[in-house]
Amino acid sequence: MADEPTLTFWGAGTMRSFRPIWTAEELGLPYVHKPIGPRTGETKTAEYTRLNPKQKIPCMVDGAMTLSESVAISRYLIERYGADETISPPRGFEACAREDEWVCYIYGELDETSLYVMRRHRDLHGIYGEAPAAVRSSKDYAERHLALIADRLDGRAFLLGDRLGLADILLTSCLDWAVAYEFELPRALSRYRDAITQRPAYQAAYATNYARRG
């Protein structure tokens, strides 16, 4: 692997910007980090808008490849750079389908449908308006699905197989988000998260993504 980074990540401070950085750390990839934040005006510059007309984070540049959306970037990195000693893509169409099932479920039901609704009407209420009922119902909805996932994880180290994968990266980032919102995680999920957040790659990515907090 070349010593000079070919990767540049744009974005910091959110769980969605965290996922690709963590994936790169797990893969041992060198990268340049541009820690721009959401709703700071930094995504609306001419330079960034040329890269990502959506004016959202995260965004990745890898040589001639430019890609946005945290799941797509993380999957691309695993598919292109993954290996048996790091994170490798699922082998076979059935294994790919199982991973897609969990990734779509976690992103759709935890990230978008519940946690991000809470973010809109809690952290960003000045933009989207206060909606206490929506925040409460979203938390209840997330807790119901977290209980289901906890049943799946009882006695398991990872969601699929015996190694960290894309579904684990999605799930752990959502669990971090839930903890930040003062959820009480089921015991199986708490145990799972405690183990995964001890990984050096997780900790390096967390420090990079949230450096501005200091």
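Is lysine 54 buried, partly exposed or exposed, and at what relative accessibility? Lysine 54 counts as partly exposed, at 47% relative accessibility. Buried here means under 20% relative accessible area and exposed means over 50%, with partly exposed in between (1.4 Å probe, protein chains only).

## Basis of the model

This is a predicted model, in which local features need pLDDT of at least 70 and side-chain atom pairs count only at pLDDT 80 or more, while totals for chains, interfaces and linings use all residues. Residues are numbered from 1 along each chain as its sequence is written, and side-chain values use heavy atoms, leaving out hydrogens and water.

## Salt bridges

The whole structure holds twelve salt bridges, each a side-chain nitrogen of Lys or Arg within 4 Å of a carboxyl oxygen of Asp or Glu. Arg16, Arg19 and Asp111 are linked in a network of them.

Lysine 54 pairs with glutamate 69, with the closest N and O atoms 3.1 Å apart. Both residues lie in loops, lysine 54 between α2 (46-51) and β3 (59-62) and glutamate 69 between β4 (65-68) and α3 (70-81), so the bridge ties together parts 15 residues apart in sequence. Helices (H or I, at least four residues) and strands (E, at least two) are DSSP runs, numbered from the N terminus. Glutamate 69 is partly exposed, at 37%.

Glutamate 26 bridges to arginine 199, with the closest N and O atoms 2.8 Å apart. Glutamate 26 belongs to helix α1 (residues 15-27) and arginine 199 to the loop between α8 (187-196) and α9 (200-209), so parts 173 residues apart in sequence are tied together. Glutamate 26 is buried, at 12% relative accessible area, whereas arginine 199 is partly exposed, at 26%.

Arginine 80 forms a salt bridge with aspartate 62, at 3.3 Å between the closest N and O atoms. Arginine 80 is in helix α3 and aspartate 62 in strand β3, 18 residues apart. Aspartate 62 is buried, at 4% relative accessibility.
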